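Take a walk through this structure with the model open beside you.

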Amino acid sequence: MGHMQNLSRRAFVFGSAAIAGGIAFGAFGTAEAAATAGDNPLTAGLGPNSVTFNPWVEISPEKITLIAQHADIGQGVGSVQPMMIAEEMDLDPGQFEVRFASPSPAYFNTGFADEFAPFVAADQSPAAEEARAKTLEWLRQSGLQMTGGSSTLPDTYEKLRVAGAVARETLKAAAAKRSGVAVADLRTQSGHVILPNGTKVAYVDLSADAAKISPVLDAKPRDPSKWRMLGKPMTRLDIRDKVMGELKFGIDLKIDGMLYAAVKLNPGKGQPLKSYDASKARAMPGVKKVLEIKNGIAVIATNSWYAMKAADAVICEWAPSAYPAEQADHWKVLESSFKPEFLGKEWRKIGDIEAGLKTGKLVEAEYRAPYVAHQPLEPLNGIGLVTDKGMEIWVSHQSPRFVQYVAATAISLKPEQITFHNQWAGGSFGHRLEYENVRVLAEIANQMKGTPIKLVFSREEDFLQDIPRQIAIARHRGSVDQGKIVSADLQLASTTPLKGLLERSGRPSKDPDGQLAAGLWNVYYDIPNFRATSYEAQGLSPSTTWRSVGASTSGFFTESFIDELIHAAGLDPMKARIAMCIVPHYRKVLETVAEMSDWKGPLGNGRGRGVAFVESFGTPTAEVVEVSVTERGIRIDKVWIAVDVGKVVDPVNFENQVQGGVIWGLGHAINCELTYAKGAVQQTNYNHHEAMRIYQCPVIEVRGLENDPKVRGVGEPPVPPAAPALANAIFAATGKRIREMPFNKFIDFV
Amino acid sequence: MCRSNNSTTLAGAYSFDVTSREDARKDTDMIELTVNGIKRQVDVVAEMPLLWVLRDELGITSPKYGCGVAQCGACTVQIDGMAVRSCQAHIGEIAGKSVVTLEGLEKRDQHPVLQAWIEHQVPQCGYCQTGQIMQAISLLDLISQPTDEDINEVMSGNLCRCGTYPRIRAAIHAAAAKKMAEK
């Protein structure tokens, strides 16, 4: 870490054409697909006359199974990942089954290499690429299997297409051997190898033959210009089942002989139970047992509702929280964290910041972002069964191997004794990277050996145990002189989302939390004196990754402050950003959103527009928000958004993800916060933490660009610019600068 | 916890003061209702919300548990033709009535609302969508050609955390157009 500090921004090879088409991952994908035969987790479960070429493709005489490597938390993994394989294999939807990956290091996430390496995304210098290659090697060795960081496409774009190509070419080789026809004279279509005389051989009929030959490892994926399905509007494979109500989420599963559990846990997160009185609960209908667990109680009943009612009736005395009981004290700790002893890191320094701040007009502002909950609509749940052999667990989770670790640790088993079955999730937004339901379920099932236990968190319990998004304060300073931004000194104090998650995953890290740099140091404006510094507040609520993580708060701070500097310099917010942007294809993103929104400067008449640009997870994203002032408050009329992902693989899902990200960003910025009182959060259902409903939802116009040299993800990047674009629009419409989320504390919304 | 707004009523409905555990277990009643055209009997307490009867007693899982307090709409079903939050309907009060869940819609595969939902690829995670669809069907029964304002009015009780609202709007308009064309 720290390579950036002494480098001039001029030293970056921004937007270089040297790395074209994701060569780094291409090379990896081929090598990986070739090298996994020994480690392929599908080999162990293979039936007779069946074949697997790599960890993503399995063919038996009956069926073809494609593995979705990542967790499907609503972002479409269960569709787009098998479709990438199917594209190369010449399979049609309906000709294959999809299964979620089991825990295995073979499914390590290559897509984190860019985010974890200590270089800003647009830096494609040889030094940056070398650091990413080293990070990739570390990821491979550690076998980090995780869904997150908008990495599902960056991780799988190359390797799944290679995996499909290897399958296709090996099936052709098997057909060639059987028929005596040269491979060059064979083609594939709709799940068959086609011989020159028109004879069709189904892939499933070739499985036994294919198992006897070596996979064709040098198979190349096709050029995107040859795609049949990818890059065009596709029907998601899960759409029909979701619309017909037939898709089973984790919460919908039922196992013979199963009993239902509900819990009441210490709302002072992580602290134990002191004592309890369950006499009333034990007498309630449907109740079988009340169990004591480490940080609370569990009720076992014949149905979830009986269990929840009885859990609510247990009177518990809790050990006090380890963090301040009252919210005001959380803010006080943050306020006093801008000190050397709490320094996370000075992430980037350009020019002479102290001299710069003394030049021209000084602008100073403090910004705040509160704790926020994830609260996907499907509450945390899971089914667990402990026997003498180990534990079987059915739960939706983004980190399969860490589920094994957490469950095993909770009940003194070895991780390999935990059999994990991943499930379709009713949303996550970072919630299903945490483990509270996993740990508690392991404890309960262990006390109920031999009986499958279905645990469902009540919504209230889910809120109380939701490890929130980081809380943060930014103290930014900058200066403008002669119509230019001369300096920007960006500082924030925050809790640490990624460090916290890694620690709870059994991988504690001493490094500064890299997510506190996201949205803070990756600023691509030509500002000659620049510094970005993070401070890590101690002793506050545990915090974790929430859709777009560090950039969800820093993006708001940075792009609001840049807007303040631009206004102080007397410039147009859009034109100034375009003029200052030093990465050519990032500038194009801004120019695109300017063109989409027909940006011409101030609107007047009680209307206003704001723009914001944030690169997060390598994806440059620009948004324009337009608002009107009405008698009842601010109305959000329209949003335009341009996003450069290198390649739009699944256009319908792309638009859906982008619109969803905007709605997520706006909704929470307007009206969501978690506040602590007596050590527990005060918000326990959606009426306290509503985000956006349909009546507030603006029209959102989306455009995807394909200029970035790498394929980038899109689940999170639309979130960070939404809040600052809205705050900047409100400033344009009203002259009022809102520097703290949620905005509805300061202004009404229609 | 569930329905905190009327917890007094709920608590009062239980015989919490009974001394024997066995007696408490006899709090349940055999209740008969029609679900998706089939007569069903359940042996539960009368206060149990219909949602949990459907999900845990009858294994009908399209109505989803989201909030338990009528804040999200994921549990929406029809009772005697009306869209109702099944987390708020006590089973004892709907004995003898007819409940239709998404699974029980007539000609489900050709239903114009479901078709529009598929054509517009509305779902992301999909967890709220069965409730959204049941509410949208009810909306179109009330107003055959709804405006965006009508949609905002009727659909605002249905929360979607993924943010599929633009597609929900489009699908409702498409379903309305389709129904109009079929007339």
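Begin just after helix α3 of chain B, where G59(B) takes a positive phi of about 70°. The model is predicted.

Now step back to α3(B) itself, residues 50-57. Is this helix mostly covered or mostly open? It is mostly covered, with seven of its eight residues buried. The buried ones are L50(B), L51(B), W52(B), V53(B), L54(B), R55(B) and D56(B). To count as buried, a residue needs 20 or more other C-beta atoms within 10 Å of its own. What does the covering? Both chains take part. From chain A, the cover includes β8 (259-265) and α9 (304-313). From chain B, it includes β2 (38-44) and β5 (98-100).

That brings us to the place where the two chains meet. Here 56 residues of chain B are in contact with 55 residues of chain A. Which elements of chain B give two or more residues to the side that touches chain A? They are α2 (21-25), α3 (50-57), α4 (112-119), α5 (129-142), α6 (148-155) and α7 (165-182) of chain B. The largest share, four residues, comes from α7(B). Sorted by class, this side of chain B has 31 nonpolar, 16 polar and nine charged residues.

Next, turn to chain A and find a sheet. Three strands, in the order β5-β6-β7 of chain A, form an open sheet with antiparallel pairing. β5 (187-189) and β7 (200-202) of chain A stand at the edges. Each has a single partner strand, so one side of each is left without a neighbour in the sheet. From one strand to the next, the twist averages 30°. Look at one pairing in detail. β5(A) is joined by three bridges to strand β6 (residues 192-194) of chain A, and the two run antiparallel. Within β6(A), H192(A) is the bridge partner of Q189(A). A helix covers this sheet too: α5 (residues 152-179) of chain A lies across β5, β6 and β7 of chain A. It runs at about 55° to β6(A).

One example is G610(A), whose bridge partner in β23(A) is V625(A).

Finish with two helices of chain A. Helix α19 (residues 651-671) and helix α20 (residues 722-734) of chain A pack at an angle of about 60°, with their axes 8 Å apart. α19(A) and α20(A) are therefore oblique to each other. Their crossing is right-handed. From α19(A), the contact is made by V662(A), G665(A), L666(A) and A669(A). From α20(A), A722(A), A723(A) and L726(A) take part. The residues of this contact divide into six nonpolar, one polar and no charged.

Methods
Residues are numbered from 1 along each chain as its sequence is written. Chains are lettered from A and ligands numbered from 1 in the order in which they are written. This is a predicted model: local features need pLDDT of at least 70, side-chain atom pairs count only at pLDDT 80 or more; totals for chains, interfaces and linings use all residues. Two strands pair if DSSP finds at least two bridges between them. Axes are lines fitted to C-alpha atoms, for helices over the stretch in contact, and angles run from 0 to 180 degrees between N-to-C directions. Two residues are in contact if their C-beta atoms, placed from the backbone, lie within 7 Å. Ala, Val, Leu, Ile, Met, Phe, Trp, Tyr, Cys and Pro count as nonpolar, Asp, Glu, Lys and Arg as charged, and the others, Gly among them, as polar. A residue is buried if 20 or more other C-beta atoms lie within 10 Å of its own, exposed if 12 or fewer, and partly exposed in between; C-beta atoms are placed from the backbone. Angles under 35 degrees count as roughly parallel, over 145 as roughly antiparallel, 65 to 115 as roughly perpendicular and the rest as oblique. A crossing is left-handed if the near helix is turned anticlockwise from the far one by less than a right angle, and right-handed if clockwise.
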